[in-house]
Amino acid sequence: MTIDFHTHIFPDAIAQKTIPFLEKRSGITAATDGTLNGLLHSMEQSGVDLSVIMPVVTKPSQFDSINVFAKNINEQSNGNILSFGGIHPDCEDYKEKLEYINISTITKVVEDEIVRWVFAVTVQIGGLPNE
């Protein structure tokens, strides 16, 4: 199984603005148009079986919309896409937000063996912030 463990996508309307901005700022041409369909097409062309989406939360106010998007991706996936949740380091109620991510974003897809492995490795590597 070929896994692309670090991908980024955006809702279609946001991708239309974000990808050109990121290309200009970085000086790098994006490999896709930044949408789910663009990622799926790229996966098909490259022989990737599973892509893991890593959301980017650039400010605390984005938490809800980004994680609802991630949850929807996971609920609609046929097993070839897994979106992690995302959190900004300035979120004041980070414990509740991490619990939300755990309950609504990840746990609906952890029945798949490879997803359980990916999640277990991620938790071992990162863990939660020190109390």
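How many helices and how many strands make up the secondary structure of the protein chain? The secondary structure comes to five helices and three strands, here in a predicted model.

**Figure 1. Overall arrangement of the protein chain.** Read from the N terminus, the elements follow the order β-α-α-β-α-β-α-α. The protein chain has 131 residues, of which 30% are buried. When contacts between residues at least 6 apart in sequence are considered, 65% of them join residues at least 24 apart.

**Figure 2. The second largest pocket and its lining.** Two helices, α1 (residues 12-26) and α3 (residues 63-76), each contribute at least two residues to the lining. Helix α3 provides the largest share, with five residues. In terms of residue class, the lining of the second largest pocket consists of 14 nonpolar and six polar residues, and no charged residue is present.

Figure 3. Seven residues form the largest nonpolar core, namely I9, L39, M43, V48, I53, I73 and I81. In soluble globular proteins, nonpolar side chains tend to be buried together. Which residues does I81 touch, if residues up to four places away in sequence are not counted? The contacts of I81 are L36, L39, L40, M43, L50, S51, I53, I73 and N74. Among these contacts, L39, M43, I53 and I73 also belong to the largest nonpolar core.

**Figure 4. The aromatic pair of F5 and F84.** Two aromatic pairs are present in the structure. One of them joins F5 and F84 in an edge-to-face arrangement, with 6.3 Å from centre to centre and 75° between the planes. Why does the pair tie together parts that are 79 residues apart in sequence? The reason is position: F5 lies in strand β1 (residues 3-7), whereas F84 lies in the loop between β3 (residues 81-83) and α4 (residues 94-106), so the pair links parts of the chain separated by 79 residues. Are F5 and F84 buried or partly exposed? F5 counts as partly exposed because its relative accessibility is 36%, a value between the limits of 20% and 50%. F84 has a relative accessible area of 9% and is therefore buried, the cut-off for that class being under 20%.

Figure 5. N72 is located in helix α3, and its relative accessibility of 32% places N72 in the partly exposed class. The C-alpha atoms of N72 and S104 are 9.7 Å apart in space, while the two residues are 32 residues apart in sequence. I103 is located in helix α4 and is partly exposed, with a relative accessible area of 47%. I103 and K71 are also 32 residues apart along the chain, and 10.0 Å separates their C-alpha atoms.

**Figure 6. Helix α2 at S42.** S42 has its place in helix α2, which spans residues 36-46. With a relative accessibility of 24%, S42 counts as partly exposed. A distance of 8.0 Å separates the C-alpha atoms of S42 and A31, which are 11 residues apart along the chain.

Notes: Residues are numbered from 1 along each chain as its sequence is written. This is a predicted model: local features need pLDDT of at least 70, side-chain atom pairs count only at pLDDT 80 or more; totals for chains, interfaces and linings use all residues. Side-chain values use heavy atoms; hydrogens and water are left out. Helices (H or I, at least four residues) and strands (E, at least two) are DSSP runs, numbered from the N terminus. Ala, Val, Leu, Ile, Met, Phe, Trp, Tyr, Cys and Pro count as nonpolar, Asp, Glu, Lys and Arg as charged, and the others, Gly among them, as polar. A nonpolar core is a set of buried Ala, Val, Leu, Ile, Met, Phe, Trp, Tyr and Cys residues joined through side-chain atoms within 4.5 Å. Buried means under 20% relative accessible area, exposed over 50%, partly exposed in between (1.4 Å probe, protein chains only). Contact means heavy atoms within 4.5 Å. Rings of Phe, Tyr and Trp (its six-membered ring) pair if their centres lie within 6.5 Å; planes under 30 degrees apart count as stacked, over 60 as edge-to-face and the rest as tilted.
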